[in-house]
Amino acid sequence: MFKRRRSVDDFAEEIKAHLELEADELESGGASEDEARRRARAEFGNAQAARERFYLRSRVEWLDHLARDIRFAFRQLRKNPGFSFAAIAVLALGIGACVAVFAFVDAALIRPLPYADPQRLVHVTESEMTSSKVNISYLDYLDWKRLNTVLSSMDVFTGWDALLSTATGTEPLPALRVSAGFFRTLGVAPVLGRDFHPGEDSLTGPNVVVISYGFWQRQFGGNNDAIGQTVKLSGAVHTVIGVLPKDFEFALGNSPEIWAALKPEDECEKHRDCHNLYAVGRLKPGVSVQTALANLQSIARQLEIQYPDTNRDRGASVMLLSKMIVGDIRPILLLLLSGAGLLLLIACVNVSSLLVVRAESRKRELAVRGALGASRGRLASQFITEGMMLVSGGVLPGLALAVGAMQILTHLISKEMIARMPFFEGLGANLHVLTFAAVLALLAAVVFSVTPILQSMSQDMRDGLTEGGRGSAGTLWRRIGGRLVVIELATTMVLLTGAGLLGKSLYQLLHVEIGFQVDHLATLHVRLPGAQFPGDPEQIAFTRRLLDRIESLPGVRAVGVTSVLPAYCGCNSDWVRIADRPFDGNHITVDERDVTAGFFRTLSTKLLAGRYFSDAEDASRPRVVVINHDFARKYFPGEDPVGKRIGDPTLSPESMKQIIGVVEDFREGALDDEQQPVVYYPFNQYASSGYEVIVRTSQEEHSILPALTAAIHQLNMDVGVEQGSTMADHINDSQTVYFHRSTAYLVAGFAALALILSAVGLYGVIAYSVSQRTREIGVRMALGAQRSSVHRMVLREAAWLAAAGIAIGVVCSVAFGELLRGLLFGVRAWDIPTLVTVAIVLGLLTLFASYIPAHRAASVNPVAALRAE
Amino acid sequence: MTTQKNTDDRVALLQGTLDILILKTLVLGPCHGQGVARSIQRQSEEVFFVDHGSLYLALQRLEDKKWISGKWGVSENNRKARFYSLTAKGRDHLMEKISDWQRLTRAMGLILRGNAGPSSEEA
């Protein structure tokens, strides 16, 4: 039940009654009526103050003030929509950029790894003279595990190209082989079923696997009876014993779906000098990384003495697992975060400068309020409220922008990179990110409150009333603001130039001469299970059948096989030496490709000399090679290479091959690489169990992919066929293009932000300057200055700032371009068209940003301007 | 009149004592604010000065706490006035406060008297 609150009027009535009663009493004591009233009132004291206190008694004072401040601030913001929009937009952009980048930093560097006590997990490797981190061999691992005194457990893992047999065919799966204690070392337990038992990773152990949560959902529909079921992996039956938690991730393992017990059955694991394993260890409590390193190094020295043949110069290397996982990306992320922080800082400075401009035009209002008795505290709290309102207006759109930016940024990372950085999956506005946004908002609010407070404090209130005074603070701000704008413009120039150069590089890259027709080419990766196809004869026989089968499909014009798809990387390189020539000790580095006879036909390459391989050229025939034009030009100038012989650096007899043809250059290496010498070996002489199939089609190349996969599985269910693609997609999604596209987009994003920010900054400074010079402009116009000349005067001021900014920007841009040189392709660092375009864009921006204040200055009414003071 | 001289001898009320004084005044019967002020000033032989603003706020506070209740009425000389009377709850509170006060003044007295001797001896 609520009692009706007593009204202020009722209280005033009571005081009035008191005064009358008091006057009556005094009158009866002999005073005159007027005298009695006067004395009653004097006796009472300040009746107004009492009434006010009564009013305030019933409410929380500061809340009341706050509500009024908010209403007032809201009216102020609405009264000036241009200012409010600019301030909120700039703030939202700044906060958005900062929060988005922070989300990545949080995911990679702040959020702990999803393992128990991750600070005690270390990555253990061997070290060599030339490399500080190399894989560990199985026998070394056993010794380290047995002898060390610093790790409570140590386990190893290694990649496994598993082939899963399904009802419809065979599917390659990312998988790992791990020693039995692997999950216990990480401190992760399966959500369903059990972990490996100790000893299950011995040679006699059963074939058991732990599966990922995703695989469980996909393959077993998330049913509990998955445990105990079997899956056929690379031809062998394995029993599922456990399912890993949903949020489990292992960044070093390429997002594996299958985890098999590591039995030392691989040939490599029988030799101490064959290094194929990665190790993780858990430090004993209180043991530091340094202590662990010292201990393992002493063991390594011991092994060096014991096994000098295999372990000479082999040491140990230990680092925190978390550092190992995020090592590469850490500096990039921190750089991005500082960039975004800088943008936010500029945004805040700009909004502050807008606030200063506005406070200038509100000088009189403040002075009047001060003169009427508003305390400095009350005036300050008004500024604080306005600052808070601006910030809260900017935070929500900022967060929305950040979430959008996170999506875009995630797409800028290629799939292969994401697989190695599982922590970037499911990036979003979590608690950390929201807290960070709140902290940013708070800091911004502080800046926005303090700036106008400082400004108002530095001014004498009487100046405000007369509105004639021009404090030194004003000039100071104009100078500082002007310099900030020059810096902003220069930064924008640099970023825009960077974006322009990178964009141009991307364009050049995508239009690089490939050397063959890219369209109507479908590609597939085929993997033959080792158990069924142990050697060259089996692999060659099957591949022949596969090619025949595909060639007979409708819509297929030609088909070929290569070991590495063209336009991908300058990898699989090899050293060769030309026979019957003096050897100068320099090896010839060539890219080596194993291709079938149909490969050249499929790509429609041009034969310059000699002939291509025939299908009949297999191990029973003399070894032959085809070289590309680049090889011929560099190493057989003025000679006919056909008929010449090449071999390995020692020219061992079994390595000798005869050159039978020269093919016109086409791009084998990455798009941004120089053309390299390439040697093509006939697949039928150098077969392998994994290769790329390229198909030239007469129809749309995507549409034939299912038919291709089905055709291969008709031949053999156990052959792995990886999701097919097309040559065009392959080139567009290649690492090189991805990298160039990502950097171009990233720099362009920052440049766009900087552009907006510097426009706002310039506007702020010019508008402030105009507001300061209103009287001067009035005088000029009263003395006969034309509006156009006032217009010009203001634009001139802006032009000076812009010119300074652009001039500094050009110098910095060229320097920045030099820094970018490694990222540029087909563009010079001082690309004149880019620089000119950017300068013009900035010039237009300057005009645009200063047009409004210039227009305002020109429309000053001289009479009003002079009389106002 | 001697108002000026009186002012010099006046003592500001101790924090928290105004409530007790109001309640004590109302024991004698319902009274309006001006009457309460007069009464306190007279009974303290003009030593206590009641700030009228504070008085009315105190009356409001006591009413909010339901120790007194206020009602508009007519005074002896036919003026409209708000009359306050003590509630049962207020009477209990007053008794409690009086005994508290007496204990307090006794204790204060003991200490002030007790300390006067030794400190003067030392001096």
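I began with the pairing of strand 2 and strand 5 of chain B: they run antiparallel and are joined by two bridges. I kept in mind that this is a predicted model. Next I looked up H32(B), and found that its bridge partner in strand 5 of chain B is F83(B).

**The sheet.** I then traced the rest of the sheet in chain B. Three strands make it up, in the order 2-5-4, and the sheet is open with antiparallel pairing. At the edges I noted strand 2 (31-32) and strand 4 (68-74) of chain B, each of which pairs on one side only.

**A helix from the other chain.** What packs on this sheet from chain A? I found helix 1 (residues 8-28) of chain A there, touching strand 2 and strand 5 of chain B. The direction of this helix makes about 100 degrees with that of strand 5 of chain B.

**The contact between chains.** I looked at the two sides next: 15 residues of chain B are in contact with 16 residues of chain A. On the chain B side, helix 3 (33-43), helix 4 (52-64) and strand 5 (80-86) each give two or more residues. Helix 4 of chain B has the largest share, with five residues. Sorting that side by class, I got eight polar, four charged and three nonpolar residues.

**Chain B as a whole.** Stepping back, I listed five helices and five strands in chain B, and wrote down their pattern along the sequence as α-β-α-β-α-β-α-β-β-α. Chain B has 123 residues, and 24% of them count as buried. Last, I checked the contacts in chain B with a separation of 6 or more: 50% of them are between residues 24 or more positions apart.

Key: Residues numbered from 1 in each chain as written. Chains lettered and ligands numbered in written order. Predicted model: local features only at pLDDT ≥ 70, side-chain atom pairs only at ≥ 80, totals over all residues. Helix = DSSP H or I, 4+ residues; strand = E, 2+ residues; numbered from the N terminus. Buried ≥ 20, exposed ≤ 12 C-beta atoms within 10 Å, placed from the backbone. Contact = placed C-beta atoms within 7 Å. Nonpolar A, V, L, I, M, F, W, Y, C, P; charged D, E, K, R; others polar. Pairing = 2+ DSSP bridges. Axes fitted to C-alpha atoms, helices over the stretch in contact; angles between N-to-C directions.
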